[in-house]
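Have a look at the fold first, and then we can go through them one by one.

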Amino acid sequence: MIDVNLNKYWHKQLHEQNSNWINRIKALHSERGYQVVRITGKSHVFSKRELPNDEKELHYQLHVSFLIKKNQHFYREEQCRLHEAHFYKNQLRSDRELPENFNQETDQRTNPIIEFVPRSQFERFSYDRNAAVRYAELWWNDANPAYEFFEVNDCTNYVSQCLRAGGAPMRGYPNRATGWWYQNRDWSFSWSVAHALRWYLGGSTKGLQAREVDSPDKLIPGDVICYDFEGNGRFDHTTIVVAKNADQMPLVNAHTNNSRHRYWDYRDSMAWTPECQYKFYRIGTDML
């Protein structure tokens, strides 16, 4: 009954566009010259807790799909947002969105050791962008059981899996502070920590390599964006470019919260601040 009531509640909210974050997404698309022409959504409860006096606390994922249009160009953006709801005798009393959790691992050794070598010694590799994007599309809202899943913060782990699916070579095992690798249910900091991957991509000259560019429009599918939401020098989030919109700006997939074809700048996120800093990386030795 509660699950049914939640879906009825969100059907009404989406139809009447009463949600603040839904309206913010619409406003941001409008600023760019795009129109949200259809919104659909469905909730999925993943935890329930009985409270005193016939109250219940639920945590659920709201999966919302936006059909977006500019001229004759259409695409679909999908986002999964976490919510907390309180019910009294099966009637909804309150609902709030939970912030995206970009907390990092507690180990402080999150900057990998970058082994610089002369440019003449670069090890070249072939990066299959299409394979990386196919993987990103397949697993954007799910977890591949072949890898560890980080329930609290899976964004960089997910992007690393996409890069690996595209043929990016691993190196550095078994030193977690060196290189970029995943093996035997163990992994480097750069595999799973946003700040560590940002530094790895910024300096690696062996194995997985990238080149920083100065604007997002220079990225193509298969490339990576790193986010420092507070502008404090510590990077919090990682996404992978999977498509471009009608203006040739990146659309990204990500975990935490799971998103598909989300506009690259993340201004619709509760974590975003005006001080947000970005790093844009072209992946592959053909980009060096």
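How do the residues of the lining of the second largest pocket divide into nonpolar, polar and charged? They split into 3 nonpolar, 5 polar and 3 charged, where Ala, Val, Leu, Ile, Met, Phe, Trp, Tyr, Cys and Pro count as nonpolar, Asp, Glu, Lys and Arg as charged, and the others, Gly among them, as polar.

Before going on, a word on the model. It is a predicted one, in which local features need pLDDT of at least 70 and side-chain atom pairs count only at pLDDT 80 or more, while totals for chains, interfaces and linings use all residues. Residues are numbered from 1 along each chain as its sequence is written, and side-chain values use heavy atoms, with hydrogens and water left out.

Rolling a probe the size of a water molecule over the atoms shows where empty space is left. Here the search runs on a 1 Å grid over the protein atoms alone: a cavity is a set of points where a 1.4 Å probe fits but cannot get out, a pocket is an open set with protein on both sides within 12 Å along at least five of seven lines, and lining residues have an atom within 4 Å of a point. Grid points are joined across faces, edges and corners, and a volume is the space filled by probe spheres set on the points.

Back to the second largest pocket, which holds about 170 Å³ of space. Its lining has 11 residues, and Ser 19, Asn 20, Trp 21, His 83 and Asp 95 lie nearest its centre. Helix 1 (2-16), helix 2 and strand 4 (91-97) each supply at least two of the lining residues; helices (H or I, at least four residues) and strands (E, at least two) are DSSP runs, numbered from the N terminus.

The largest pocket has a volume of about 550 Å³. Of its 20 lining residues, Phe 46, Gln 61, Leu 82, Phe 149 and Glu 151 are the closest to its centre. By class, this lining has 9 nonpolar, 7 polar and 4 charged residues.

Among the residues that line it are Asp 142, Asn 144, Phe 149 and His 255, and its lining divides into 3 nonpolar, 4 polar and 3 charged residues.
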